[in-house]
Amino acid sequence: MRISDKKGKLSELISPRRDILRPIYNWHSFKHSYSKDLVDVFIDEFNLKKGSWVMDPFCGGGTTLLACKQAGINSLGLDILPFSVFLSNVKTSNHNIGEIKSLRRKLGDEELPAHSSFSLADVPIATKAFSVPVRNKLLRIRQAIHDLEPANARDFFNLAFLSILESVSNTAKAGAFLRMVERKINPGDVKSIFLSKVDCMIADLAAICQVDRKKEGNASAISGDARKIEGSRLYDAVITSPPYPNRHDYTRIYSLELFFDFVKGQKDLKQIRYDTLRSHVEARKRFDAHGYEEPKKLRNLIERIDKNGTNNSKVLEMLEGYFEDMFLVLSQIRKHLKKRGKVALVVSNVSFAGIRVPVDQLLAEIGEQAGLTTTGVWLARYRGNSSQQMGTYARQPSRESVVIWEN
């Protein structure tokens with residue numbers, strides 16, 4: 001499969017950094033995403049019109065859904081990560097700005113509750129992430145949000161709350177991990193940091209309140225697994241990006257958001273971790289991939305990686321499982337795609353033990369197994385390898401690409 005060089009067109013669009021100042025898109029720093037402009041490229045490329053339906057089976061930060069909504073296109077997102085479903089729905093909801101402003105005044109004028117009925121999930125990092133005074137202030141803010149009426153406005157404020165957690169914690173999202181850092185946060189500043197975030201989000205609503213909502217598409221996200229998609233709707237296109245097989249575990253990276261509102265304890269968090277796509281070493285097999293034939297090239301690469309040795313024996317099992325799972329995903333996409341429907345799937349190649357794994361070309365072959373027709377692989381940019389890989393094998397840039405199929 002020939003790789004089409006689209007770096008000049010896509011290199012800046014593949015990163016969410018373009019959306020850092022874009023209203024609503026920047027409500028939460030969801031790092032594992034792409035920009036609105038990239039979605040717009042595929043809306044044009046696939047000739048999608050008002051009333052078309054798009055699916056994003058790995059909706060993440062909700063970028064595809066929001067961009068489609070603003071273009072007058074209907075969309076549905078799926079994700080195993082409950083925070084992603086929540087984030088996508090808050091971003092795409094039609095909020096009542098008058099109601100939101102009234103509740104903002106209430107939060108600003110009133111003292112925080114003296115006590116909170118909330119407690120942090122029983123997750124080890126929860127006790128390390130915040131100083132005790134900051135944690136207590138956060139729990140009181142969480143209680144104040146819970147006490148707001150009407151209930152359908154709470155999610156707006158809860159997203160603002162979840163979006164400040166990293167900035168007032170002793171953690172930082174760093175690649176595949178949530179690493180510990182030292183921050184000296186004044187507990188007295190936490191409420192003002194929260195209200196400042198709320199004010200920024202309200203300003204975004206004010207900036208777009210003149211939009212004719214009749215011209216917008218419908219958008220929503222639901223909890224779901226891309227390896228077993230429910231429903232009978234057929235879609236005009238799929239625009240998505242699955243987790244890359246680079247060992248990044250989203251349940252760790254977004255654990256602050258998860259343990260404040262979506263899991264009760266370590267058992268819940270681990271179950272989500274086990275259920276996710278096998279892109280990291282702790283995910284477990286959930287479904288049998290009947291009809292899947294492992295590409296010979298993949299088997300050869302796995303044997304070479306095994307010969308060179310890795311720092312984690314489960315990497316080989318992860319790679320096997322990732323492509324098996326992606327066969328299931330692509331089979332489900334084909335099942336729910338209209339005839340002549342299009343797919344754009346953003347992926348990145350990876351390296352282990354100095355061996356490059358061409359994820360894009362392997363997925364193109366596996367998509368053909370699933371019944372899709374590959375119409376192109378677009379090179380978007382090159383990404384650096386991990387610091388561990390670089391130290392041993394020097395710099396080995398991996399291409400980040402978009403695989404295009406037609407049903």
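Student: Which residue of β12 does Val347 stand opposite?

Tutor: Val347 stands opposite Ser401 in β12. Before going further, note that this is a predicted model, in which local features need pLDDT of at least 70, side-chain atom pairs count only at pLDDT 80 or more, and totals for chains, interfaces and linings use all residues. Residues are numbered from 1 along each chain as its sequence is written, and side-chain values use heavy atoms, with hydrogens and water left out.

Student: What joins β8 to β12, and in which direction do the strands run?

Tutor: Helices (H or I, at least four residues) and strands (E, at least two) are DSSP runs, numbered from the N terminus. Two strands pair if DSSP finds at least two bridges between them. Here seven bridges join β8, residues 337–348, to β12, residues 398–406, and the two strands run antiparallel.

Student: What is the order of strands in the open sheet?

Tutor: The open sheet has eight strands in the order β1-β11-β12-β8-β7-β2-β3-β6, and its pairing is mixed. β1 (3–5) and β6 stand at the edges with a single partner strand each, so one side of each has no neighbour in the sheet. From one strand to the next, the twist averages 20°.

Student: Where does α4 lie, and at what angle to β6 does α4 run?

Tutor: Axes are lines fitted to C-alpha atoms, for helices over the stretch in contact (heavy atoms within 4.5 Å). Angles run from 0 to 180 degrees between N-to-C directions. In this model α4 lies across β3 and β6, and α4 runs at about 165° to β6.

Student: How many residues of α3 are buried?

Tutor: Buried means under 20% relative accessible area, exposed over 50%, and partly exposed in between (1.4 Å probe, protein chains only). Seven of the eight residues of α3 are buried, and the helix is mostly covered. The buried residues are Thr63, Thr64, Leu65, Leu66, Ala67, Cys68 and Lys69.

Student: What covers the buried residues of α3?

Tutor: The cover includes two helices, α2 (36–45) and α4 (82–92). It also includes the strands β2 (53–56), β3 (74–79), β6 (219–223) and β7 (235–240).

Student: Which residue with a positive phi follows α3?

Tutor: Gly72 follows α3, and the phi of Gly72 is positive, near 80°.

Student: Where else is there a positive phi, in the hairpin of β4 and β5?

Tutor: That hairpin has two residues between the strands, and Gly175 takes a positive phi near 60°. β4 and β5 (residues 177–180) are joined by four bridges and run antiparallel. In this pairing, Ala174 stands opposite Phe177 of β5.

Student: Where does Glu166 lie, and is Glu166 buried or exposed?

Tutor: Glu166 lies in the loop between α8 (154–164) and β4 (171–174). Glu166 has a relative accessible area of 18%, so it is classed as buried.

Student: Which residues does Glu166 touch?

Tutor: Leaving out residues up to four places away in sequence, Glu166 touches Thr171, Ala172, Lys173, Arg183 and Leu256. Among these contacts, Thr171, Ala172 and Lys173 fall within the range of β4 (171–174).
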